[in-house]
Amino acid sequence: MPAKSDQRGGPQSQSLLQRLRRRGWRLTSQRRVIAEAMEGEHVHLTAEEVYDRASPRLPELSRATVYNTLNQLVKLGEVAEVSLGSGTKRYDPQTAQGHQHLVCERCGATRDVHPAGADRLTLPTAERGRFKLNRVEIVFWGVCSNCARSPDPST
Ligand SMILES: [Zn+2]
Ligand SMILES: [Zn+2]
């Protein structure tokens, strides 16, 4: 994660598009539809899903542009790359500090959470010299209320 730590995040923080405007990032129509595809809360899309949402609004948009733009947004620190235990890269426009994820094991519904207490894990001293830490990802697994109400299909 980049060293940018002055961002006061929270559920009410500015949208990705607003943040990009504020920092003066050149918003071409391609970049704009990509940022708009990631509007809203609890958004954790794969690059392919971003493309599926953005391309109807801008048919000339290419997958390569979507991938490149997402990589640039990650480098800028405006989008976080998360895997949520699946190994598939997902892009998260919510970059507030201490933000982790709550995932339903049955339907995959993913919510942003700000855990109390253990959100600042410290790498053991012995590992610090050998390993350059880039990010920490914590996933809380469970069953969402929708799934809890219906019988488990796997039993
Ligand atoms: Zn569920
Ligand atoms: Zn998230």
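This is a predicted model: local features need pLDDT of at least 70, side-chain atom pairs count only at pLDDT 80 or more; totals for chains, interfaces and linings use all residues.

Q: Which strand does R90 lie in?

A: R90 belongs to strand β2, which covers residues 90-92.

Q: Is R90 buried, exposed or partly exposed?

A: Here you count C-beta atoms around the residue. R90 has 19 other C-beta atoms within 10 Å, so it is partly exposed; buried would take 20 or more.

Q: What separation do the C-alpha atoms of R90 and E48 have?

A: They are 9.6 Å apart, for two residues 42 residues apart along the chain.

Q: Let's move on to helices. How do I describe a packed pair?

A: Two packed helices are described by the angle between their axes and the distance between the axes. Now the case here: helix α2 (residues 29-37) and helix α3 (residues 47-54) have axes that come within 9 Å and cross at roughly 110°. That makes α2 roughly perpendicular to α3, since 65 to 115 degrees is the range for that label. As for handedness, α2 and α3 cross in the right-handed sense.

Q: Which residues of α2 and α3 meet?

A: From α2 you have V33, I34 and A37, and they meet V50, R53 and A54 of α3. Sorted by type, the residues of this contact are five nonpolar, no polar and one charged.

Q: And the sheet of three strands: what is its order?

A: For a sheet, read the strand order, then the pairing. This one is open, runs β4-β3-β5 and has mixed pairing. The edge strands are β4 (110-113) and β5 (139-142), each pairing on one side only. On average, neighbouring strands here are turned by 25° against each other, direction ignored.

Q: How many bridges join β3 to β4, and in which sense do they run?

A: Four bridges, with the strands antiparallel; β3 is residues 100-104. Two places to look are Q100, whose bridge partner in β4 is V113, and L102, which stands opposite R111. The hairpin of β3 and β4 has five residues between the strands, and in it G108 takes a positive phi near 85°.

Q: In which sense do β3 and β5 pair?

A: Parallel, over four bridges.

Technical notes:
Residues are numbered from 1 along each chain as its sequence is written. Chains are lettered from A and ligands numbered from 1 in the order in which they are written. Two strands pair if DSSP finds at least two bridges between them. Axes are lines fitted to C-alpha atoms, for helices over the stretch in contact, and angles run from 0 to 180 degrees between N-to-C directions. A residue is buried if 20 or more other C-beta atoms lie within 10 Å of its own, exposed if 12 or fewer, and partly exposed in between; C-beta atoms are placed from the backbone. Angles under 35 degrees count as roughly parallel, over 145 as roughly antiparallel, 65 to 115 as roughly perpendicular and the rest as oblique. A crossing is left-handed if the near helix is turned anticlockwise from the far one by less than a right angle, and right-handed if clockwise. Two residues are in contact if their C-beta atoms, placed from the backbone, lie within 7 Å. Ala, Val, Leu, Ile, Met, Phe, Trp, Tyr, Cys and Pro count as nonpolar, Asp, Glu, Lys and Arg as charged, and the others, Gly among them, as polar.
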